[in-house]
Amino acid sequence: MNNNLLVVGNWKMKLGLKESLKLANGLKKKIKRKSKVEVGICPSHSSLYPVAAAVRGSNIKLGAQNLFWEEEGAFTGEISPSMLKELGCELVIIGHSERRQYLGETDEMVHKKTRIALENKIMPIVCVGENLEEREDKKTDFIIINQVTKALQGINVEENDQLVVAYEPVWVIGSGQAINPEDAEHVHRVIRQTLIDLNPKEVVDNNFRIIYGGSVDSDNVTSFTDKKLIEGVLVGGASLKAEKFVNIINAIK
Ligand code: PEP
């Protein structure tokens, strides 16, 4: 069972090589080795290799923002799970709403990517979330159950597998205004119940974590992580400066 809270930074397509290295070096200096918080960073693919070298020897885990669902072949522009492994990746963000929105990523693709990540022992962080219209139409629970089910149904979770579901309400990402923590907790409960409908409860307890993402910063983070069902956070904007990201980690210790 993994009781550690998880804090993952999604650097999106925002930092080039020099900036990524500067941030990685800053984080390595500031994040204590013996922390109960599990920390991950997800740079752009082009910076993965040098960032891996920069954070070596720390407890910062390297992650990617995407992967492809085949091992190898004629898939121009894609990156395979074994390529990510070779670069030192231990986790991968899958199905981020920006990819669903701008790159046509479907639930079926999310499913295939999750499956192959697990087969390669890379921890998938599967993003789910409703958009504003869906929330206003009171369809949030339906959307979430559907996305989680389609992503994970039929996936065999093995003893040491670790999976993360990130609840990210699309309408608050990058807005600077996080969702009300009680509303997030409600959706986390819906996700947990969906996972229990798909897997034995011990598997959900031992192998899954459910985290929140959407305009998290050091001022609001504990209003989420203080909730029992919120087991960490996925951070975009506030992960791009070492001090801001470290303040989030320190706030929840
Ligand atoms: C994200 O992109 O996953 C995210 C949570 O972004 P932000 O923290 O900027 O809302």
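L163 is found in strand 6, where strands (E, at least two residues) and helices (H or I, at least four residues) are DSSP runs numbered from the N terminus. The model is predicted, so that local features need pLDDT of at least 70 and side-chain atom pairs count only at pLDDT 80 or more, while totals for chains, interfaces and linings use all residues. Residues are numbered from 1 along each chain as its sequence is written, and side-chain values use heavy atoms, with hydrogens and water left out.

- Leaving aside neighbours within four places in sequence, L163 is in contact (heavy atoms within 4.5 Å) with T114, L118, M123, P124, L152, V157, N207, F208 and R209.
- V157 lies in the loop between helix 7 (140-152) and strand 6 (163-167), and is buried as well, with a relative accessible area of 16%.
- Not counting residues up to four places away in sequence, V157 touches L163, N199, V203, N207 and F208, and its C-alpha atom is separated by 9.6 Å from that of V204, 47 residues apart along the chain.

- Strand 6 pairs with strand 7 in the parallel sense over 5 bridges, pairing being assigned if DSSP finds at least two bridges between two strands; V164 has R209 as its bridge partner in strand 7.
- On its other listed pairing, strand 7 is joined to strand 8 (residues 232-235) by 2 bridges, and these strands run parallel, with V233 in strand 8 as the bridge partner of Y212.
- Because 6 of the 6 residues of strand 7 (residues 208-213) are buried, this strand is largely enclosed by the rest of the structure; F208, I210 and Y212 point one way, and R209, I211 and G213 the other way.

- Strand 1 (residues 6-10) and strand 2 run parallel and are joined by 5 bridges, and L6 has E38 as its bridge partner in strand 2.

- The lining of the largest pocket comprises 17 residues, of which M13, Q65, N66, R99 and L103 lie nearest its centre.
- A pocket is an open set of points on a 1 Å grid over the protein atoms alone, where a 1.4 Å probe fits, with protein on both sides within 12 Å along at least five of seven lines, and lining residues have an atom within 4 Å of a point.
- Helix 4 (residues 97-102) gives the most to this lining, with 3 residues.
- S97, which is found in helix 4, is buried at a relative accessible area of 12% and, beyond its neighbours within four places in sequence, is in contact with V170 and I173.

Definitions and conventions:
Buried means under 20% relative accessible area, exposed over 50%, partly exposed in between (1.4 Å probe, protein chains only).
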